[in-house]
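Open the model in your viewer and keep the selection tool at hand. The tour goes from one selection to the next and says what is there.

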Amino acid sequence: MMRAFREPTGAAPMDTLLQRRRLTVILSLLLSISFAAVSLISYQASRSTIQVALVEKELPLTSNAIYAELQKDLIRPYFISSMMATNTFLHDWVASGEKDPDIVSRYLRETKLKYQVFTSFFVSEATRNYYYPDGILKKISASVPVDKWYFRVQQMPESYEINIDYDAANNNSLAIFMNFRVLDRTGKYLGATGVGLSMDRLHRLLGEYGGRYQKNIFLVDAQGRIRLTGSHPASQRSIQQVPGLRDIAAKVLQARNGTFQYRTADGITFLNVRYMPEVRLFLFVEGQEGEAVAKVRQALYLNLAICVVIVLLTIVLTDLTVRRFRKRLEVMATVDHLTGLMNRQAFELISERVMADSVQAGEPFAVVLADLDYFKQINDRFGHLAGDHLLREVGALLQAAERDADLLCRWGGEEFLLLLRHCDAAEAERVAEALRRRLLGHAFMLGGRRERITMSMGVATWRKGDSLQSMIDRADKALYVAKDTGRNRVNIAV
Ligand SMILES: Nc1nc2c(ncn2[C@@H]2O[C@H](COP(=O)(O)OP(=O)(O)OP(=O)(O)O)[C@@H](O)[C@H]2O)c(=O)[nH]1
């Protein structure tokens, strides 16, 4: 069978491959960069929203709530102790020689009951008696380590201190003492008084709030020592020892109030600090971006993964589309759209190669230029569309002719050109004759009637020094002779 058109091979030329690769790289870069940028921007936006919510809402709200509770638990005892220190009854009782200890014990018991505190006390400078609600607990002595607090209070310039210590009057349980210096009207030091608070309640309070708001809450003194946390009754650590926090410890203690942040291995920690001047303690409320940001981060990873899949899919689809269009373009560039045969340009390209192979192999070959006879009349009689239809039919007929490895194209108008391989003049004439007869014998139907369609052909065989063009020229001349001498004939070029 004659080869009318060879499908373009899959192999693309080098520059096309490079262009495709460049398109793929540019496309993937553009998509990846824009996807990644959008994902990162939305991640940063969500993260900063979370941070703003934490810093501007969550931390201050938690701090306010716990501050209100602490007011009750810490500041109220401060006022009670302050009142006790200025109580003239106490001053007078001391001045009168501390005669009946029951009097002061009753006073201490009533204070304890009325204000619902853990303990109340008065230590007299004159007698060194430690009075408590049940009487005299002991005598204070400078040589006893647990009594050291009293001598500190005795010497301190401030009017009071807050001390976390073990309470000997209550099974040595841990308590917060408000230790106020008692001075009489003349400024003479009479001793120390105040109340003690159970650490348990405060400790529970911090723990509860910490758990409810997912925050780390603790109280810090002016030196930076962590005096109370939700998890430990009294920590021995100071903020100067906490990784990350130590870097801003001095700044925080100096600023007293505000929001700060520091970095640890777990991420950024945001800190709200509030100073309680009455008790000289700082309330620290800490929160981490933690879980909320982890969710946003997960969404970012998911976005990026989706982006990778989309980029890959886009690249694959683009590549497939480019390949398909390239093929279609190649077909359009090489095929005659009316007959589906190879067009002139493709024929010339392929013929050059076939000719070169045949010449090198020393094999004879020929070209046949075939032209329909009186085609103009067909158009005139039956219309241009019928002419087109006839051209298609003739093309199919030639294509169905017998020889393998030959090339066939529509050369132009109503002309067809064949390249016959392994073919000397005699064989070429035989092939051309067979085609002519085949056409003659075919029943072409035009306008509802059978029409006789003929072709004239010029045949030229290769001669040394011939190019494709020179062979076609000779075949053309031979064709004209065939036309001139009556048409419907094959003429061999001389
Ligand atoms: N329908 C149709 N007509 C075409 C096409 N290409 C060329 N033609 C027509 O083919 C006709 C060729 O006319 P001529 O060159 O005079 O040739 P002819 O009528 O076949 O006469 P001879 O070749 O001398 O036998 C012209 O009328 C062209 O318009 C085409 O693609 N379709």
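Select helix 8, residues 344-361, which lies across strand 13 and strand 14 (415-420). Helix 8 runs at about 140 degrees to strand 13. Such angles run from 0 to 180 degrees between N-to-C directions, and the axes are lines fitted to C-alpha atoms, for helices over the stretch in contact. Two residues are in contact if their C-beta atoms, placed from the backbone, lie within 7 Å. Helices (H or I, at least four residues) and strands (E, at least two) are DSSP runs, numbered from the N terminus.

Before going on, note that this is a predicted model: local features need pLDDT of at least 70, side-chain atom pairs count only at pLDDT 80 or more, and totals for chains, interfaces and linings use all residues. Residues are numbered from 1 along each chain as its sequence is written.

In what order do its five strands stand? The order is 13-14-12-17-18, the sheet is open, and the pairing is mixed. Strand 13 (407-412) and strand 18 (490-492) are at the edges with a single partner strand each, so one side of each has no neighbour in the sheet. On average, neighbouring strands here are turned by 20 degrees against each other, direction ignored.

Strands of a sheet pair through backbone hydrogen bonds, either parallel or antiparallel. Two strands count as paired if DSSP finds at least two bridges between them. Select strand 17, residues 455-461: strand 17 pairs with strand 18 in the parallel sense over three bridges.

Go to strand 5, residues 173-183. Is strand 5 mostly covered or mostly open? Strand 5 is mostly covered, with eight of its eleven residues buried. A residue is buried if 20 or more other C-beta atoms lie within 10 Å of its own, exposed if 12 or fewer, and partly exposed in between, with C-beta atoms placed from the backbone.

Strand 4 (residues 160-167) runs antiparallel to strand 5, and eight bridges join them. Ile162 stands opposite Met178 in strand 5. The two strands form a hairpin with five residues between them, and Asn171 in the turn has a positive phi of about 55 degrees.

Strand 5 also pairs with strand 6 (residues 189-198), in the antiparallel sense over seven bridges. Phe180 stands opposite Thr193 in strand 6. Strand 5 and strand 6 form a hairpin too, with five residues between them, and Gly187 in the turn has a positive phi of about 90 degrees.

**Single residues in loops**

Pick Gln214, in the loop between helix 5 (199-213) and strand 7 (216-221). Gln214 is not a glycine, but its phi is positive, near 55 degrees. Gln214 is exposed because it has 12 other C-beta atoms within 10 Å.

Next is Arg487, in the loop between helix 12 (468-484) and strand 18. Arg487 has a positive phi of about 65 degrees, although it is not a glycine. Arg487 counts as partly exposed because it has 14 C-beta neighbours inside 10 Å.

**Helix 7**

Finish with helix 7 (residues 290-334), where Ala292 is found. The C-alpha atoms of Ala292 and Gln51 are 9.6 Å apart, with 241 residues separating the two along the chain.
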